[in-house]
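Q: Please give me a close look at the side-chain pairings, with the cut-off behind each term that you use.
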Amino acid sequence: MSGRAATPALLAAVLFGASTPLAKLLVAGTPPLLLAGLLYLGSGVGLAILLGIRAVRGRTEEGAMRIPWQEVPWLAGAILFGGVLGPALLMLGLTQASGAAASLLLNLEGVLTAVLAWVVFKENADRQIVLGMVAIVAGGVLLSWEPGGRSLSAGAALVAGACLCWAIDNNLTRKVSTNDAMLVACLKGTFAGACNTGLALATGARLPGSGAIGGSLLVGFFGYGLSLTLFVLGLRTLGTARTGAYFSVAPLFGVVISFALWPQMPQPQFWAAAVLMAIGVWLHVRERHEHEHTHEPLEHSHSHRHDEHHQHEHDLPWNGEEPHVHSHRHAVLTHKHPHYPDIHHRHGHRDGKPPVDG
């Protein structure tokens, strides 16, 4: 288990963290809900173009461009909570809560994501993972802390509600993470963007100039579209809580880029936050979770190689290239090896305390 498994989630954090200062630079003065809509639309449209190019080049496997009907409710729920309710609650909250208070409360997303994953969806976590999550969240709180901005208004509950919506979104998205990550991100961006933009225009917002629209769509493509694609890949290989923890370092990258755009000397709290987040990431990367476990029968479709979990025959033409995508069935298998709570290791643990090395 190496740091390579964490790479998609960390890259997602880099792209998303960069989107905040860049969006502020490009579309200053745009109503927040409209800005969110344009960013999501940039995500959906940009990924749709990439999917089209991929299809024209024959790089799309048969069956990859669809979501199984039994998983559609999970995706619809993720879009509703993460793309519609979350941004709407945040925008309402920002009208009643101070910016400093809202920034502090937004750190709840990572915590709530992990709590839901551990308590509701029974994802395993040992002491090291919990401590890593605490360190990352503490760094986020320190990074967004502003002395004198500690009072919470009635809008705090709305901001916290938005964080809960995104936490639910993250856990529901894990349910569809075996599907094409780019397709999942494209659908979320398109529906969320259309809904937020329509709602903003219906409430009196006016579109900015063409340059600002183009810039926000571009930022949305990288900061939301590609970031979400990588986030879904992280969910597939790491599970929800660990992916959410890595993604929680996004504000750190946002601050670094802000310093590059608007040069200033970092405050001591920035360096303290950076150290805390680095410790949290290190604790997660060095995790070694290993015990004997049994795979229950499972049928799904995702990109895979013929590794120890994929020893199957093909009932369809296959050119021998890997990785490849097709629907396949997993038989019962009992073995022992290091693993994360990925799409093949969503099993329970006796007394919640499996044997762990490291």
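A: Phe16, Tyr40, Tyr224, Phe231 and Phe247 form one aromatic cluster, where rings of Phe, Tyr and Trp (the six-membered ring of the latter) count as paired if their centres lie within 6.5 Å, and a pair is called stacked with planes under 30 degrees apart, edge-to-face over 60 and tilted for the rest. The model is a predicted one, in which local features need pLDDT of at least 70 and side-chain atom pairs count only at pLDDT 80 or more, while totals for chains, interfaces and linings use all residues. Residues are numbered from 1 along each chain as its sequence is written, and side-chain values use heavy atoms, with hydrogens and water left out.

Over the whole structure, the search finds five aromatic pairs. One of them joins Phe221 and Phe222 in an edge-to-face arrangement, with 4.9 Å from centre to centre and 70 degrees between the planes. Phe221 counts as buried at 16% relative accessibility, whereas Phe222, with a relative accessible area of 40%, is partly exposed; here buried means under 20% relative accessible area, exposed means over 50%, and partly exposed lies in between, for a 1.4 Å probe and protein chains only. Phe231 and Phe247 also form an edge-to-face pair, with 5.1 Å between the centres and 75 degrees between the planes. Because Phe231 lies in helix α9 (residues 210-238) and Phe247 in helix α10 (residues 240-247), this pair ties together parts that are 16 residues apart in sequence; helices are DSSP runs of H or I with at least four residues, numbered from the N terminus. Both Phe231 and Phe247 are buried.

A ring also meets a charge: the charged end of Lys175 sits over the ring of Trp74, 5.0 Å from its centre, a description that requires NZ of Lys or CZ of Arg within 6 Å of the ring centre and within 35 degrees of the ring normal.

Asp180 forms a salt bridge with Arg54, and the closest N and O atoms are 2.6 Å apart. Since Asp180 lies in the loop between α7 (155-174) and α8, and Arg54 in helix α2 (residues 32-56), the pair ties together parts that are 126 residues apart in sequence. Asp180 itself counts as buried, at 17% relative accessibility. The salt bridge of Lys188 with Asp169 has its closest N and O atoms 2.7 Å apart. With Lys188 in helix α8 and Asp169 in helix α7, that pair links distant parts of the chain, 19 residues apart, and both Lys188 and Asp169 are buried.

Helix α8 (residues 181-202) is also the place of Ala185, which counts as buried at 0% relative accessibility. Leaving aside residues up to four places away in sequence, Ala185 touches Ser43, Leu47, Gly225, Leu228 and Thr229, a contact being heavy atoms within 4.5 Å. Along the chain, Ala185 and Thr229 are 44 residues apart, yet their C-alpha atoms are separated by 5.4 Å.

Methods: Helix = DSSP H or I, 4+ residues; strand = E, 2+ residues; numbered from the N terminus. Salt bridge = Lys/Arg side-chain N within 4 Å of Asp/Glu carboxyl O.
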